[in-house]
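Morning, everyone. Please have the structure open on your screens while I talk. I'll start with the whole chain and then go piece by piece.

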Amino acid sequence: MTDDRLEQAIGLVQSGKGESARELLELILKEDRHNIPAWHWYAQTWSKPADRARVWEACLRYNPENPLAQEALRDLKFSQSGKTNADPQPLTSKFAPSKRNTTSRLLWVIIGVLTLMAIFAVVLVRNTQPKDPQQYKHVQPVEYYLYVPEAYSSDQEWSLFVGIHGAGGSGMDCWNLWQAYADKEGFILLCPSIPGDSSGFYQDVGENTVWSAIGDVKREYRVRLRMFFSGFSAGAYFIQGFTYHYPQSVSGLSILSAGLYLNPNMFAELIPILVVIGDRDNPTAVQTSQLFVNDLRQYGFDVQYQLMPGVGHTVTDKGRQLTIELFRKIITK
C-alpha cells in the first residue's frame, strides 16, 4: 500500500537515508501525482534549496491550486532572496570627515573587498568540486542520472545533452565525463543506464530505455525537441541507430571510439557530426571510421574527424573538448 511505503520513506528520511527514501517516493509519485505528503518528503531528500524549489514547482504543475505547495515554494524563494537582498552594513562614519576617519573608511573598504574575494573563492571551490552522482540517480521508470543546472528556469527551453555509455557500463560513466560542463554550457545532462553486459546491449532495449528516461525528464523540465547525443564505444554505435530511427529528435552527434558505423545514407538529415578515435584502437575500427567520415563528407554532412595519436580505446580530454565545442556550435545556430 502507498501509505505503508510513505511511512517507510519518512523513516528513511528521518534516519538520514535520503537516497533510499527518494527512490521509494519516486515510485509513490509515479502512481499518484497528487500525493502532497509524498511531495513534501521528496523535497526533503534534496539538500539544496534550489533543488527543493524545483520539486515544488513540479508539484504545482500537477496541483496548481494547492496552498501547501504554493506556500512551500514561496518560503523557499523568499529565503533565497533574503540571503541576496540583505541590507549591507554601513561602511562610513557618522562623524564629520577627517584624515583619521578617511583612513578608517578606506580600511573598511579594503576589509569589505577582501571579504567578498574570500566568499567568491569559497563559492568557486564549492562549485568546481565534483557532484556526487548518487544524489542524482533515479530508478524509475528506468535507471538514469540527471543533472539540472543551478540556473534552470522554466521560462525557457533548455538543451538536453544525452550521454550513452559503452558495453558493460552505466549512466555514471557518462556522468563522470560530462557533468562538470553542464552549468557552464547551460545544458540538462541525462545519462541513462542501458541494460546489457560486457558484450553490448540491444538497440531496441537501449531505445526503450532512453525514451523512458527522456519522457520522465520532459514531464518535469522544459527541454528542446532536438537533443544532443554523445556515445562511447557501443554507445557510439547506438546513437547512430537512434538517429536513423528518430532523425527529427537529434541535433548533433559526438561519436567517440565506435567499433561499428552505419552507412551514412541511412541518416535522413544532415546534422553536425564529430568522430573521434585513437590510432591505437582496434585497427579495423580505425580504418572503418575513416571510410565512414569520407562517405559523410560525400553526402554533404558537416563532419569533423579527429584521429588521436598514441590513444587506445578511451575518451580523452581532447575528445571531451571537441564534443563541447560541437555542442556550442549547434546551440548558437
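**The overall picture**

Of the 333 residues in the protein, 44% are buried. Buried here means under 20% relative accessible area, exposed means over 50%, and partly exposed is in between, using a 1.4 Å probe and protein chains only. A word on the source: this is a predicted model, where local features need pLDDT of at least 70, side-chain atom pairs count only at pLDDT 80 or more, and totals for chains, interfaces and linings use all residues. Residues are numbered from 1 along each chain as its sequence is written, and side-chain values use heavy atoms, with hydrogens and water left out.

The protein has 11 helices and 8 strands. Those are DSSP runs, numbered from the N terminus: helices are H or I with at least four residues, strands are E with at least two. Now contacts, meaning heavy atoms within 4.5 Å. Take the contacts between residues at least 6 apart in sequence: 63% of them join residues at least 24 apart.

Go to strand E4, residues 187–192. How many of its residues are buried? The count is 6 of 6, so call the strand mostly covered, going by that under 20% cut-off. In general, side chains in a regular strand alternate between the two faces of the sheet. Look at E4 itself. Phe187, Leu189 and Cys191 point one way. Ile188, Leu190 and Pro192 point the other way. All of these are buried.

Next, the pairing. Two strands pair if DSSP finds at least two bridges between them. Strand E2, residues 144–147, pairs with E4 in the antiparallel sense, over 4 bridges. In that pairing, Leu146 has Leu190 of E4 as its bridge partner. Strand E3, residues 159–164, pairs with E4 in the parallel sense, also over 4 bridges. Find Ser159, and you will see Phe187 of E4 opposite.

There is a helix in this story too. E3, H7 and E4 make a β-α-β unit, and that unit is right-handed. Right-handed means this: with the strands pointing away from the viewer, the path from the first strand over the helix to the second runs clockwise.

**Helix H7 against helix H11**

Stay with H7, residues 171–185, and bring in H11, residues 317–331. Their axes come within 11 Å and cross at roughly 35 degrees. The axes are lines fitted to C-alpha atoms, for helices over the stretch in contact, and angles run from 0 to 180 degrees between N-to-C directions. Which hand does the crossing of H7 and H11 have? The crossing is right-handed: the near helix is turned clockwise from the far one by less than a right angle.

Who meets whom? From H7 we have Asn176, Leu177, Trp178, Tyr181 and Glu185. From H11 we have Arg320, Thr323, Ile324, Phe327, Arg328 and Ile331. By class, the contact has 6 nonpolar, 2 polar and 3 charged residues. Ala, Val, Leu, Ile, Met, Phe, Trp, Tyr, Cys and Pro count as nonpolar, Asp, Glu, Lys and Arg as charged, and the others, Gly among them, as polar.

Pick out Arg328 in H11. Arg328 is partly exposed, with a relative accessible area of 35%. The C-alpha atoms of Arg328 and Gly186 are separated by 9.7 Å, yet the two are 142 residues apart along the chain.

Start with Pro141, in the loop between strand E1 (137–138) and E2. A cis peptide bond joins Gln140 and Pro141, with omega about 0 degrees.

Then two serines. Ser233 sits in the loop between strand E5 (227–232) and helix H9 (234–245). The phi of Ser233 is near 60 degrees, positive in a residue other than glycine. Ser233 is buried, at 17% relative accessible area. Ser257 is in the loop between strands E6 (250–256) and E7 (273–278). Ser257 also is not a glycine, and has a positive phi of about 55 degrees. Ser257 is buried, at 1%.

Glu220 lies in helix H8, residues 203–220. Is Glu220 buried or exposed? Glu220 is buried, with a relative accessible area of 15%. Leaving out residues up to four places away in sequence, Glu220 touches Arg33, Ala58, Arg61, Tyr62 and Tyr152.

Last, Ile36 in helix H3, residues 36–44. Ile36 counts as buried, at 12% relative accessibility. Beyond its neighbours within four places in sequence, Ile36 is in contact with Trp56, Cys59, Asn63, Asn66 and Leu68.
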